[in-house]
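Please consider the sequence and the three-dimensional structure shown here together.

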Amino acid sequence: MAGQDTTASVRVESLVKKFGKFTAVDRVSFATAPGEIFGFLGPNGAGKSTTIRILCGLLRPTSGKAVVAGFDVARQAEEVRQNIGYMSQKFSLYNTLKVVENLRFFAGMYSVPRDLADARIREAIAMAGLAGHEHDLTATLAGGWKQRLALGCSILHRPKVLFLDEPTSGVDPISRRQFWDLIHEMAGGGVTVFVSTHYMDEAEYCNRLALMNRGALVALGTPNELKRHLMKGALLLAKCEPLGPALEILQHNPAVVDAAVFGEALHVTVEDAAAATTSLPGYLAEHGVKCTRLEPIPPSLEDVFVQLTGRRIRAGEVTAS
Amino acid sequence: MARKELIQIRRDPRSLFIALIMPVMQMAMLGYGVSLDAKHIPLYVYDQEGSQESQALLKRFQASEYFDLVKTVDNYRELTAAVDSDRSKLAVVIPFDFSERLRDANQTNVQVIVDGTDDNTANLATDYARAVIGQFSVDFRTEWLRRQGLPVGGGGTVSIEPRTWFNEDLESRNFIIPGIVALVMALVGALLTSLTISREWERGTMEQLISTPITSQEVMFGKLIPYFAIGLVDAAMCVAIGVWWFDVPFRGTLTSLFATTSLFLIVILGIGFMISVAIKSQLGASQIALLVTLLPTMMLSGFAFPIDQMPPVIRAITYVVYSRYYVTILKAIFLKGVGVRALLAPVMAMAIYAVVIGWMATHAFKKTLD
Amino acid sequence: MFGRIYHLLAKEFIQLRRDKWARLILFLPPIVQMLIFGYAATFEVYHVQTVVLDQDHSQESRELAARFTANGRFELGKPVSDERQIRDAIDRGKATIAIQIHPQFAELLRKGQSAPVQVVLDGTNSNTALIALDYIGQISAVFAQDYQRDYINRVAPRYEQLLPSVGMQERPWYNPDLNSQWFFVPGVVGTLVLVTVMNLTAFAIVVERELGTLEQIMVTPIRPVEFILGKTVPFFLIGLVEVAMVAGFGTLWFEIPFRGNPLVLLLGTSLFLISTLAIGLLISTLCSTQQQAFASGFLFLNPAITLSGFAFPIASMPTVMQWLTYVDPLRYYLVVLRGTFLKGTGMQVLWPQMLAMGLLGAVLLSASVLRFRKSLD
């Protein structure tokens, strides 16, 4: 086919999207392979959703190039759409339609041939665990079921690339677990799955991760690579009393690379873990801070992100919106 | 709570824009667009005779400010086509024996064809034509009597001396504009409020609001106070435009205007609130709000269509239409400037409505929480 | 392409069937409004509350007062005895008109002079007052003519037969009884269709935008034109059904004639619906919430109805307002409705209206499709 590029399922080259003066996506470049689960990790407003929406052809890029399933998103939007699936955080289904009617509708939108459609709808119902509920109104389904139905609707045409924009927000942990099993199953079948998330545990399930902050791509690699290579030194957990002054005091100690508040404790990055565990309690006590616990811990992706950007991923998020 | 609603209104500048621009538009459109007066009626003339007498009669039609002579035709076909296609509203046909019959048979008729589609305009147009022809007849007769040497004023005439009160020039604008204030209140109040709560149901934010320790009265007042304020601002704007732009007289006091407007706003906001509590779909709420607020205010309040001309059943219904009382009061405040004593009955009716609807609204919300 | 449109249509109809509010909007308000309009919307003037202050107590003055009672347009209340009572009756709205016959009324008449009758009018409702005043003028003119005839008869009987007069033969065409219902019912058909179809279209699209399903559809290979067709065709069909229903109900209930060709009405309705759908679509592209859609719809409807000639004659509007009416599709549709219902006119008369609606529809539709494409970005 003319213009088709088969080396990668998604290839993005210095993609830029501006809304007026605001730059939502700032020179982002990466490529994915078929069958890969590719995660976007970053706080709200980091440009994850905007990037996904550009790749789906919902937004036009201001500059740069994006090729999805071999087609240019700016020039061949229709071919791109025939080869992708998309599911947003709202699980946008028609509440007044029955389960099977929603599936039939989306099969129709993707022009899935009739003889294939029926079999695939049955598969989708089985996959979503909705057998016996085919004729329920979608409005009556619980969040986890709605979410799996939405996924079922977006893969009826067997897309090569699947975009999931925060697919698990507002869903209980068990449903999230089941949902990720489905994603792994699909990736096993050769589908490239793009997931944006701000859940740390979910990020760990991805083959590769792109960390995004203020529109820019700040790091790219497997979760382990990110944790090993990007963390300078070792990480210590410190429980101190009082917390605020402790943070300030630690930041002034030459042995400390960085310190940040995590919950009710501090995460302290040091060059030498063994030396720091012995020297720091005394140093803190000198300044009138009591340290109840100080021990090395394995770094999380959140630690990596904080070290790279100075920001928390979930900070500032409204808890129940 | 009220502050949250105000912030939401401000964040949604389109709503605020609409709430404030709507009365201005409404006033401009109705102030300029609404006129029941018939002037410049397009006139066609078919003079079959072409005598001195027939021309004298036609000259009087041309001289009348109510008629604009468009064309003189010489066949029925053209005349019919003109009325069919709205080029003419009224056509005068003078028969071929007009002057002959006037001389010999003393009695002659002029045919007046009028497009009856719009009955009001047709009525006015026929009346004007009748006046022109009647005056011609009187003058012709006087002239004839004089020629016969008979006493001219023999028997005398009756002269009508009209004295119009309240709306001296009989301007339809003065009659329509006071009612528009009621129309605008009905709109801003009921429509915007009825949608705000339905929106919270549809988006699921209402469940969250309920789970907070806020009382139902607080929810209601918080939701309604901003709209109450907007309503009063809108009323002030309407009155200002009516008085300064359209020169509608304002003879009452501002105190009585704002007191009764506040009563009306309580009723209309209460109704809007109850609708939004009862109906959780925005589409449904908006349609029901239209049916119970705007439609009766437009049709059954006497705003434009006189209540005493309605059939008895409909007239009976207008007594429960709360806007009927407000429109009566508004027209009195603008044009009559009469005191509270003359308006006691409608003011009492409004006050009773305000108390009943206010009480029902405070209780309606509590029930839905269970 | 047709497959996708088919699925959109099927979905739209299922949704309409399940949405009890949409169903209600389609049937209840049109019938209620038709009934209320049919009965309440009238500018006719009957039983005007009138009081008479007869200070003359002559045969002539009683004769004149009797003619007011006989006319049928006036409802005479208890006679009043002084001017203060007139003021009171009009202030309290007990009477719209007060007729005051002065003490020398008969004397002046007999002397052959002009005998004044004072008429006090409550001008609040200018239309009623104006028409009532015309009736009073007519009644007293006939009274004077008859009085004169009697007088000639007494002084010179042989001239009585010779007294010349010019009469008027009225021929109200299309609506011989000048019945208000005949004027309003066809107009209500047009107004209702405009309100319902425009609102439903705008809401249907804004709801999808609010829920996010619009985005979900836009990532499928569907083209914007297909989506627009899928969204508007159902409402086009609904509009046709609505016209048939409301017009059928109105004509049967109020006994309004339908004198024209149904095919001409069908063509006019179709052209009008294109403009209506386009406006609904345009509103949906400007709004992101239903509340906004509702308010914007209203912002459009208010002038569209006022300026259409639905109740107030376009000819009496100021010139600038008259220009504005040319871009109001309802203006043209009302001419088609009243033409086909009352006048029985056909294409040879109505083609300019059809052409105007066709042009407006084409312009509005292209504008809304362009805006819709842009609004997706």
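Chain A has an average pLDDT of 83, and 93% of its residues score at least 70; pLDDT is the predictor's confidence in each residue, from 0 to 100. The structure is a predicted model, in which local features need pLDDT of at least 70 and side-chain atom pairs count only at pLDDT 80 or more, whereas totals for chains, interfaces and linings use all residues. Residues are numbered from 1 along each chain as its sequence is written, while chains are lettered from A and ligands numbered from 1 in the order in which they are written.

Helices (H or I, at least four residues) and strands (E, at least two) are DSSP runs, numbered from the N terminus. Over residues 1-5 of chain A the pLDDT is below 50, and this stretch has seven contacts in the model beyond near neighbours in sequence; two residues are in contact if their C-beta atoms, placed from the backbone, lie within 7 Å.

Strand β3 (residues 37-41) of chain A is largely enclosed by the rest of the structure, because five of its five residues are buried. A residue is buried if 20 or more other C-beta atoms, placed from the backbone, lie within 10 Å of its own. In a regular strand the side chains alternate between the two faces of the sheet. From β3(A), F38(A) and F40(A) point one way, and I37(A), G39(A) and L41(A) the other.

Two strands pair if DSSP finds at least two bridges between them. β3(A) runs parallel to strand β8 (residues 192-197) of chain A, with five bridges joining them, and there T197(A) is the bridge partner of L41(A). Four bridges join β3(A) to strand β9 (residues 208-213) of chain A, also in parallel, where G39(A) has L209(A) as its bridge partner.

A nonpolar core is a set of buried Ala, Val, Leu, Ile, Met, Phe, Trp, Tyr and Cys residues joined through C-beta atoms within 7 Å. In the largest, of 229 residues, V68(A), F163(A), V193(A), M185(B) and V267(B) touch the most other members. Helix α8 (residues 180-211) of chain C gives this core its largest share, 19 residues.

Chain C itself contains 15 helices and five strands. Its radius of gyration, taken over C-alpha atoms, is 29 Å, well over the 21 Å that the globule rule (2.2 Å times the number of residues to the power 0.38) gives for 377 residues, so chain C is more spread out than a compact globule.

Key: A residue is buried if 20 or more other C-beta atoms lie within 10 Å of its own, exposed if 12 or fewer, and partly exposed in between; C-beta atoms are placed from the backbone.
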